[in-house]
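Me: Hello! I would like a friendly walk through this structure, one question at a time. Could you start with the words I will need?

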Amino acid sequence: MNIEEVQAFLEEKKYHELREKLSELNEADIASLLEELPSDMQVRVFRFLPKDMAADVFAYLPTDVEQDIIISLTDNEAANIINNMMSDDAADLMEEMPASVVKKLLSNASPDVRRDVNHLLKFPEDSAGSIMTVEFVDLKEDLTVADAISRIRRTGIDKETIDTCYVLDKRRRLIGIVALRTLILSRPEDLIADVMEENVISVETSTDQEDVARVISKYDFMSVPVVDSEKRLVGIVTVDDIVDIIQEEATEDIQKMAAIVPSDQPYTKMGPVALWKKRVGWLLLLMISATFTGKIITSYENALGAYIILAAYIPMLMDTGGNTGSQSSTMIIRALSLREIEFSDIFKVIRKEFCTALICGVTLASANFIKLILVDKLDPIVALVVVLTMIMAVITANIAGCSLPMITKRLGFDPAVMASPMLTTIIDAVTLTIYFQFATHILHI
């Protein structure tokens with residue numbers, strides 16, 4: 001189904017047919033369709049959705065579309081959406097909405113939903129507590145398998161997932177988990193205590209969402225339990241939320257590495273002014289920092305005056321250093337994100353990057369020396385200055401590219417800010433200094 005078909009149904013007032021067509025689609029596909037519609041049609045089409053689908057479709061929509069729709073709905077319609085959303089999705093919605101809209105939504109929500117949402121909103125942003133859902137299946141260890149399956153049938157319809165059930169003691173402390181597959185394959189008279197898995201991997205409410213993502217990725221979980229300081233089960237984080245988090249974190253890192261202020265809005269929803277605000281600050285900073293490069297060149301006017309040919313190789317040397325540093329920093333930032341390395345490994349990393357840089361530098365310098373002599377017909381002494389600079393530039397760039405992100409991380413900042421533009425500016429200045437120092441001493445300028 002496409003936009004043209006939807007518009008045709010609306011123009012011809014075939015509302016019943018439109019409702020039937022929508023009910024045949026997947027909720028995520030309906031959300032994509034709504035997002036593409038003009039804003040004045042989004043609410044009209046949304047109202048044709050069956051009530052049991054509306055909340056699921058709503059959860060897939062971007063924040064700006066959610067806000068437009070929820071404001072346009074009646075109190076009863078808004079209450080139906082909120083009451084049928086999973087608690088974590090409802091809490092995410094509340095965080096993004098203006099206070100006036102949140103007040104309206106909570107006032108029309110059921111007491112249970114209001115309690116769950118308020119509970120989730122009290123946790124720090126980007127923590128496990130803020131992204132968890134409280135809709136899970138809990139069991140007692142003295143239940144039989146038959147009783148447990150009966151409980152799942154009674155309560156499972158409102159839960160986020162029933163694939164994994166959580167076994168609690170009388171104080172609601174997590175003591176085990178049992179998979180639905182295990183229950184189905186066990187004998188009806190078996191006790192949950194006999195079939196449950198006691199070695200439970202869990203996270204705390206204060207655990208950072210990136211660490212939660214690593215746990216789910218490492219153990220191939222579909223969900224992970226969240227416990228409080230007393231080991232009582234308070235919620236679960238499911239893999240669908242983790243996928244969203246990974247996408248958000250990756251997008252944020254990419255934007256920082258490109259010297260752009262991170263934004264929650266998609267590119268298609270941002271106008272030129274919004275994009276200008278995200279970019280101009282870093283561009284001004286990098287422009288000012290780049291003036292140091294100009295000052296270095298100015299301070300070596302005599303060297304350039306004596307050997308004008310030196311200026312021809314400045315771009316190549318700066319680009320080589322910048323590219324080398326970007327390669328190194330990108331790999332180190334990824335390794336830091338995946339917890340493959342820590343700050344304590346810095347000397348080991350520097351040693352490895354130095355050896356790598358030495359091999360790369362000699363390889364590039366050898367190839368370049370041949371080109372300078374045979375193709376450019378350059379004086380061998382001048383060519384020596386260029387290739388020695390190249391070796392030193394590659395080594396310096398590699399060491400800077402690996403160490404600066406690790407130091408930045410150690411200081412408590414995001415290592416992504418030390419990637420491409422900022423790092424390249426630093427390496428450019430260092431490369432020029434090395435170049436003119438070699439030229440001054442070897443060429444006796």
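Reply: Two strands pair if DSSP finds at least two bridges between them. Helices (H or I, at least four residues) and strands (E, at least two) are DSSP runs, numbered from the N terminus. This is a predicted model, in which local features need pLDDT of at least 70 and side-chain atom pairs count only at pLDDT 80 or more, while totals for chains, interfaces and linings use all residues. Residues are numbered from 1 along each chain as its sequence is written, and side-chain values use heavy atoms, with hydrogens and water left out.

Me: In what order do the three strands of the open sheet with β1 lie?
Reply: The pairing in this sheet is mixed. β1 (138-140) and β3 (174-179) stand at the edges with a single partner strand each, so one side of each has no neighbour in the sheet. From one strand to the next the twist averages 35 degrees; axes are lines fitted to C-alpha atoms, for helices over the stretch in contact, and angles run from 0 to 180 degrees between N-to-C directions. The order is β1-β2-β3.

Me: Which residue in β2 does Asp138 stand opposite?
Reply: β1 and β2 (residues 164-168) pair in the parallel sense, over three bridges. Within β2, the residue opposite Asp138 is Tyr166.

Me: How far apart in space are Lys159 and Met86, C-alpha to C-alpha?
Reply: Lys159 sits in the loop between α12 (145-155) and β2. Leaving aside neighbours within four places in sequence, Lys159 is in contact (heavy atoms within 4.5 Å) with Met86, Glu135, Phe136 and Val137. Lys159 and Met86 are 73 residues apart in sequence, and their C-alpha to C-alpha separation in space is 8.1 Å.

Me: Is Val102 buried or exposed?
Reply: Val102 belongs to helix α9 (residues 99-108). Not counting residues up to four places away in sequence, Val102 touches Met94 and Met97. Buried means under 20% relative accessible area, exposed over 50%, and partly exposed in between (1.4 Å probe, protein chains only). Since its relative accessibility is 15%, Val102 counts as buried.

Me: How are α3 and α5 oriented to each other?
Reply: The axes of α3 (residues 27-36) and α5 (residues 51-60) come within 8 Å and cross at roughly 60 degrees. Angles under 35 degrees count as roughly parallel, over 145 as roughly antiparallel, 65 to 115 as roughly perpendicular and the rest as oblique. The two helices α3 and α5 are therefore oblique.

Me: How many nonpolar residues are in the contact of α3 with α5?
Reply: Glu27, Ala28, Ile30, Ala31 and Leu34 in α3 meet Met53, Asp56, Val57 and Tyr60 in α5. Ala, Val, Leu, Ile, Met, Phe, Trp, Tyr, Cys and Pro count as nonpolar, Asp, Glu, Lys and Arg as charged, and the others, Gly among them, as polar. The contact of α3 with α5 has two charged residues, no polar ones, and a nonpolar count of seven.

Me: How are α20 and α21 oriented to each other?
Reply: α20 (residues 346-374) and α21 (residues 380-410) pack with their axes 8 Å apart, at an angle of about 155 degrees. Their contact has 26 nonpolar, five polar and one charged residues. α20 and α21 are therefore roughly antiparallel.

Me: Which residue in β6 does Val226 stand opposite?
Reply: Another open sheet of three strands has the order β4-β5-β6, with mixed pairing. β4 and β5 run parallel, joined by two bridges, whereas β5 and β6 run antiparallel, joined by five bridges. In β6, the residue opposite Val226 is Gly235.

Me: What phi does Lys231 take in the hairpin of β5 and β6?
Reply: Lys231 lies in the loop between β5 and β6 (233-238), and the hairpin has five residues between the strands. With 44% relative accessibility, Lys231 counts as partly exposed. Although Lys231 is not a glycine, its phi is positive, at about 65 degrees.

Me: Is Asp220 buried or exposed?
Reply: Asp220 is found in the loop between α15 (209-219) and β5 (223-227). Its phi is near 55 degrees, a positive value in a residue other than glycine. With a relative accessible area of 66%, Asp220 is exposed.
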